[in-house]
Amino acid sequence: MTPADSDDRPRSPDSDQWHRSPDGDDRHRSRGSDHQDRRTRREQAVRSAVRQGLISPEEPVAGLLDVTGIRRSATALREAFAELTAPGTPVLHAFAVKATALVPVLRLLAEEGLGCEVASPGELALARAAGVPVSRTVLDSPAKTPAELREALALGITVNADNPQELARIDALVRSAPTGSPLGLRVNPQVGGGTIDAMSTATATSKFGVALLDEGARDWVVRAFLDRPWLTRLHAHVGSQGIPLERMAAGVRATYELAEEINAAAGRRQIDTLDIGGGLPVNFGSDEDTPAFATYARLLRDTVPGLFDGRYGLVTEFGRSLLAKNGLVIARVEYAKTAGGRPIAVTHAGAQLATRTVFAPGSWPIRVEAYDAEGRPKSGPAVAQDVAGPCCFAGDLVAENRSLPLFEAGDLAVLLDTGAYYFTNHYAYNSFARPAVHGFTADPAAPQGVRFSVARPSQTVEEIVAESGGGQRDAFITEG
Ligand SMILES: *Cc1c(COP(=O)(O)O)cnc(C)c1O
């Protein structure tokens, strides 16, 4: 049996694949100047990307991932919970794959001890391609097909049912074949939304989970557990960007209280694991990692002390907060022009990469930095200008009327904090190629001391033709 084979066996929550809280003392490493380190690493990476030809007139846009930064974020997450949980408490941090759907990223996080939260057959395939053990894989989508459920239960990955109809499908599968899958139910504690409607999963009418405060819902949930001894987990994800931490913690508390009620009714610890979701917001305004995982974990400990006393295994599902600040997009300024007196930098990064920012700029502003053609930060007086993308619609702006050193043709616009939900959430408008994504790490032996490795090559025009029906050219031509 190969190690990969052995990874595919279902495991119980107390498997050694999970983290256990360290009893040792080496978990208080200082991270005070992390944000300065991050800026230094970024500036070196941009300069080296130019010198090493990753960005050029022929390759005018690329994504970069800070491998050191990703490792530090993973460590910060692990330590934040390890510090507060009772020794021996199983804790699984499952990265929300949709945030950065790249196999090398999932692999790196797996090496850091994390797992994956997946929500589609594609995401599950990515987690498997990365070698993420089934014991560390959690399936959560709101629209799982019968085939997806069957595959998940056959593999033994964790499944959180979204609604009563899905639970009925799982009933039938559980009756027809034994499964090693830990099974749970997602609830919506309906604690309210945040500043971004599209990101608010716990409003009264959110589409996710069983809406707990609806008439009769809570009793139905309790009954559903009592009727199904194999249902052992409760899941809630109260997110995300724009939600106050206190509201997230209130959602976790409501979920915990429901678990206590169910276990009391069952007369045993039927629910053994609570999945508290992800949703920690990210600071898009500076290089600082605020709020920190440690801040949220402490707030949870103060709000829901019972969560940490070892009676429940814990699962988290953070995405944005692990990756956003560890990624950037470099885009060449193709032309610099003016219109109506306003300077406009026409770059190669627009709606196809920064989709949310372009369509909802009020909710998703991102920082843009100006670098010269050699990859050095530009100085000079700030001038209000637009930073536009290459797409053929007028609103394709990643920053409007933004004060920055004046861009010239050949300069580089660097889009910060774009490691999550940007370059792997590509939008196919105008058939622009998905850009290459490179990881970078410091390496004294490498040119300029920075080593790049390709996480994903750029899409070729042949691939664009192929996925756009190139092989079906004559599909609509009737034979004469
Ligand atoms: C998207 C999602 C997450 C991750 O959310 P972030 O805001 O990126 O942390 C976690 N759990 C579920 C169920 C999700 O849909």
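Q: At roughly what angle do the axes of helix α8 and helix α9 cross?
A: In this predicted model, helix α8 spans residues 217-227 and helix α9 spans residues 245-266. Their axes come within 10 Å. The angle at which they cross is roughly 50°.

Q: Is the crossing of α8 and α9 left-handed or right-handed, and how do the residues of the contact divide?
A: The crossing of these two helices is right-handed. From α8 the contact draws on Arg-218, Val-221, Val-222, Phe-225 and Leu-226, and from α9 on Glu-257, Leu-258, Glu-261, Ile-262, Ala-265 and Ala-266. By class, the residues of this contact are eight nonpolar, no polar and three charged.

Q: How far apart are the axes of helix α6 and helix α7?
A: Helix α6 covers residues 146-155, and helix α7 covers residues 164-176. They pack at an angle of about 50°, which makes α6 oblique to α7. The distance between their axes is 10 Å.

Q: Which residues of α7 make the contact with α6?
A: The crossing of α6 and α7 is right-handed. On the α6 side, the contact is made by Pro-146, Leu-149, Arg-150 and Leu-153. The residues of the contact comprise six nonpolar, no polar and three charged. On the α7 side, they are Glu-166, Arg-169, Ile-170, Leu-173 and Val-174.

Q: What covers the buried residues of helix α4?
A: Helix α4 runs over residues 103-111, and its buried residues include Val-105, Leu-106, Leu-108, Leu-109 and Ala-110. Several elements take part in covering them. Among them are β1 (61-66), α3 (67-82), β2 (91-96), β3 (115-118), α5 (121-129) and α11 (320-323).

Q: Which residue with a positive phi follows α4?
A: The phi of this residue is near 95°. The residue is Gly-113.

Q: What is the radius of gyration of the chain?
A: The secondary structure comprises 13 helices and 18 strands. For 480 residues the globule rule gives 23 Å, and the chain's value is close to this, so the chain is as compact as a globular protein of that length. The radius of gyration is 24 Å.

Q: What percentage of the contacts in the chain with a separation of 6 or more is between residues 24 or more positions apart?
A: Buried residues make up 55% of the 480 residues. Among contacts with a separation of 6 or more, the share of residues 24 or more positions apart is 72%.

How values were computed:
Residues numbered from 1 in each chain as written. Predicted model: local features only at pLDDT ≥ 70, side-chain atom pairs only at ≥ 80, totals over all residues. Heavy atoms only, no water. Axes fitted to C-alpha atoms, helices over the stretch in contact; angles between N-to-C directions. Helix = DSSP H or I, 4+ residues; strand = E, 2+ residues; numbered from the N terminus. Parallel < 35°, antiparallel > 145°, perpendicular 65-115°, else oblique. Left-handed = near helix turned anticlockwise from the far one by under 90°. Contact = heavy atoms within 4.5 Å. Nonpolar A, V, L, I, M, F, W, Y, C, P; charged D, E, K, R; others polar. Rg over C-alpha atoms; globule rule 2.2 N^0.38 Å. Buried < 20%, exposed > 50% of the residue type's maximum accessible area, 1.4 Å probe, protein only.
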